[in-house]
Amino acid sequence: MKFDKYFKNYNNSIYELLNNFDTSLIDQSVALIDNCKRNNGKVFIVGNGGSSSIASHVSVDFAKVANIQSETFNNANLITTFANDYGHDNWICEAIKAYLQKNDILILISSSGTSKNIVNAANHCKNKNIELITLSGFDSSNPLSKLGDVNIHINSQNYNFVEMSHHIILLSIVDIFVEKLN
């Protein structure tokens with residue numbers, strides 16, 4: 001049991017982060033997603049790197065187990081075509097223009113809350129009145145944390161703690177719909 005203490009501290013750290021964020025933001029997120037579903041909209045989820053993997057997992061679960069239409073922009077052809085034509089900092093904005101429709105909602109995930117392509121997409125949503133849920137971490141005043149209709153912030157400087165917390169929060173929202181608790 002060489003790493004037992006390490007694992008318990010790791011687990012407790014994530015537990016504390018989840019216990020200390022404003023859980024009323026889950027209620028607000030569920031309300032936005034429920035409204036999207038009732039209006040036959042789609043939930044689009046986007047992130048970079050590990051957050052992109054989280055987006056894929058959560059999107060599949062929304063569609064498969066919660067019966068909520070959901071997609072990501074995690075297609076290499078889509079990313080490279082928009083990044084090639086509009087630059088990496090603007091590819092998500094252009095994908096939003098091409099794919100989102102009237103009753104759709106966007107979830108943007110960035111551990112730092114400073115990823116330029118994610119922040120630009122959030123600003124685009126704000127300017128176009130597209131409903132937006134953001135998930136970020138690190139500095140509580142990061143740019144992303146001020147741009148959504150709902151802004152979930154995890155108060156940690158540790159990438160893995162932030163990403164795991166985002167993953168757990170989003171999957172708990174999926175399960176709220178699966179359990180029909182909304």
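**Exercise 1. Classify F161 in this predicted model: buried or exposed?**

Solution. F161 has a relative accessibility of 14%. Buried means under 20% relative accessible area. F161 therefore counts as buried. The model is a predicted one.

**Exercise 2. Find the aromatic partner of F161 and describe the geometry of the pair.**

Solution. Start with the partner: Y10 forms an aromatic pair with F161. The ring centres are 5.0 Å apart. Now place the two residues. Y10 sits in helix α1 and F161 in helix α7. They are 151 residues apart, and the pair links distant parts of the chain.

**Exercise 3. Y6 and Y10 also pair. Work out which class the pair belongs to, and how the two residues are placed in helix α1.**

Solution. The centre-to-centre distance is 5.9 Å. The angle between the planes is 40 degrees. Stacked needs under 30 degrees and edge-to-face over 60, so the pair is tilted. Next, the spacing. Y6 and Y10 are four residues apart in α1, and about one helical turn therefore separates them. Last, exposure. Y6 is exposed, at 55% relative accessible area. Y10 is partly exposed, at 23%.

**Exercise 4. Describe the largest nonpolar core: which residues touch the most other members, and which element gives the largest share?**

Solution. Count the members: the core has 36 residues. I33, V43, F62, I107 and I169 touch the most other members. Among the elements that give two or more residues are α1 (4-19), β1 (43-47) and α7 (159-178). Helix α7 gives the largest share, nine residues. Then look for another core. A second, separate one has 22 residues, including L78, W91, A122 and I130. Finally, zoom in on V43. Leaving out residues up to four places away in sequence, V43 touches I33, C36, F62, I68, Q69, S70, E71, I105 and I107.

**Exercise 5. Characterise the largest pocket: what is its volume, and what lines it?**

Solution. The volume is about 170 Å³. The lining has 15 residues. Nearest the centre lie Q101, K102, N103, D104 and I130. Helices α2, α5 (91-99) and α6 (116-128) are the elements that give two or more residues to the lining. By class, the lining has four nonpolar, six polar and five charged residues.

Conventions:
Residues are numbered from 1 along each chain as its sequence is written. This is a predicted model: local features need pLDDT of at least 70, side-chain atom pairs count only at pLDDT 80 or more; totals for chains, interfaces and linings use all residues. Side-chain values use heavy atoms; hydrogens and water are left out. A nonpolar core is a set of buried Ala, Val, Leu, Ile, Met, Phe, Trp, Tyr and Cys residues joined through side-chain atoms within 4.5 Å. Buried means under 20% relative accessible area, exposed over 50%, partly exposed in between (1.4 Å probe, protein chains only). Contact means heavy atoms within 4.5 Å. On a 1 Å grid over the protein atoms alone, a cavity is a set of points where a 1.4 Å probe fits but cannot get out, and a pocket is an open set with protein on both sides within 12 Å along at least five of seven lines; lining residues have an atom within 4 Å of a point. Grid points are joined across faces, edges and corners, and a volume is the space filled by probe spheres set on the points. Ala, Val, Leu, Ile, Met, Phe, Trp, Tyr, Cys and Pro count as nonpolar, Asp, Glu, Lys and Arg as charged, and the others, Gly among them, as polar. Rings of Phe, Tyr and Trp (its six-membered ring) pair if their centres lie within 6.5 Å; planes under 30 degrees apart count as stacked, over 60 as edge-to-face and the rest as tilted.
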